[in-house]
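The following report describes a single protein chain from its fold elements down to individual side-chain pairs. The sequence and the coordinates are shown first.

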Amino acid sequence: MFHILRRVTPCVLKVKPAKWISGHALPRDTLIPPRTNYSGKAGDGEGKGGGGGGAIRSAGGAFGKRQVTQEEKYFYDEEQKQIKEMKTKLTEMYRKQLSERESKISSLKRDLKNVQDTSSRHNMEEEIRVLEQEVKTLQKKIAEQD
């Protein structure tokens, strides 16, 4: 929404508004404070951006930074595990839908041989075509997951 022109101080940004904010146009050189007012990085110690995440983290230094790195790695690994589980469940769902569609197609083809009425026959053939398209789509989705 804003284009940052340059940093004026560590706590204030000089911005140029892109359009409107809350229905009002801002002057070209409006000063807006940033969302956070601390300096430093996570793990640098209490009051320096590291927060009070425990005794080691509060002390700062190399151990605090190491703990932050370990926490980030843990959450990244958990997220990757959840993504993998979701993909597995999704693939299982696609395979189940695929087998249902294929069994429906085979039963319709079997029933089609016994139908004499042309309109019923046409409706069944159309349903088979739609189901075959769904089967192709599901096969593509399964291939993408693998």
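Q145 lies in helix α3, where helices (H or I, at least four residues) and strands (E, at least two) are DSSP runs numbered from the N terminus. The model is predicted, so local features need pLDDT of at least 70 and side-chain atom pairs count only at pLDDT 80 or more, while totals for chains, interfaces and linings use all residues. Residues are numbered from 1 along each chain as its sequence is written, and side-chain values use heavy atoms, with hydrogens and water left out.

**Surroundings of Q145**

Q145 counts as partly exposed because its relative accessibility is 25%; buried means under 20% relative accessible area, exposed over 50%, and partly exposed in between (1.4 Å probe, protein chains only). Leaving aside neighbours within four places in sequence, Q145 is in contact with K87, L90, T91 and Y94, contact being defined as heavy atoms within 4.5 Å. The C-alpha atoms of Q145 and K87 are 6.7 Å apart in space, although the two residues are separated by 58 residues in sequence.

**Overall architecture**

The protein chain contains three helices and three strands, arranged along the sequence as β-β-β-α-α-α. Of its 146 residues, 18% are buried. Among contacts between residues at least 6 apart in sequence, 25% join residues at least 24 apart. The accessible surface is about 11,600 Å², and carbon and sulfur atoms account for 54% of that area. Accessible areas come from the Shrake-Rupley method with a 1.4 Å probe; for residues, only the protein chains shown count as cover.

Which residues of α3 are buried? They are M124, I128, L131, V135, L138 and I142. The cover over these buried residues includes α2 (61-112).

The largest nonpolar core has 12 residues in all: Y94, L98, I105, L108, L112, V115, M124, I128, L131, V135, L138 and I142. A nonpolar core is a set of buried Ala, Val, Leu, Ile, Met, Phe, Trp, Tyr and Cys residues joined through side-chain atoms within 4.5 Å. The elements that give two or more residues to this core are α2 and α3, and α3 gives the most, with six residues. L108, a member of the core, is in contact with M124, E127, I128 and L131 when neighbours within four places in sequence are left aside.

**Salt bridges**

Side chains of opposite charge can pair when their charged atoms come close. The whole structure holds five salt bridges, a salt bridge being a side-chain nitrogen of Lys or Arg within 4 Å of a carboxyl oxygen of Asp or Glu. The table lists some of them.

| Pair | N to O distance |
|---|---|
| K73 and D77 | 2.8 Å |
| R101 and E134 | 2.5 Å |
| R129 and E126 | 2.8 Å |

K73 and D77 both belong to helix α2 and are four residues apart, about one turn of the helix. D77 is partly exposed because its relative accessible area is 36%.

R129 and E126 both lie in helix α3, three residues apart, again about one turn of the helix. R129 is partly exposed at a relative accessible area of 41%, and E126 counts as partly exposed at 36% relative accessibility. An α-helix has 3.6 residues a turn, so residues three or four places apart point the same way.

What is the arrangement of the salt bridge between R101 and E134? The closest N and O atoms of R101 and E134 are 2.5 Å apart. This pair links distant parts of the chain, with R101 in helix α2 and E134 in helix α3, 33 residues apart. R101 is partly exposed, with a relative accessible area of 23%, and E134 is partly exposed, with 29%.

**Aromatic pair**

The structure holds one aromatic pair. Y74 and F75 form this edge-to-face pair, with 5.3 Å centre to centre and 75 degrees between the planes. Rings of Phe, Tyr and Trp (its six-membered ring) pair if their centres lie within 6.5 Å; planes under 30 degrees apart count as stacked, over 60 as edge-to-face and the rest as tilted. Y74 counts as partly exposed at 47% relative accessibility, whereas F75 is exposed, with a relative accessible area of 56%.
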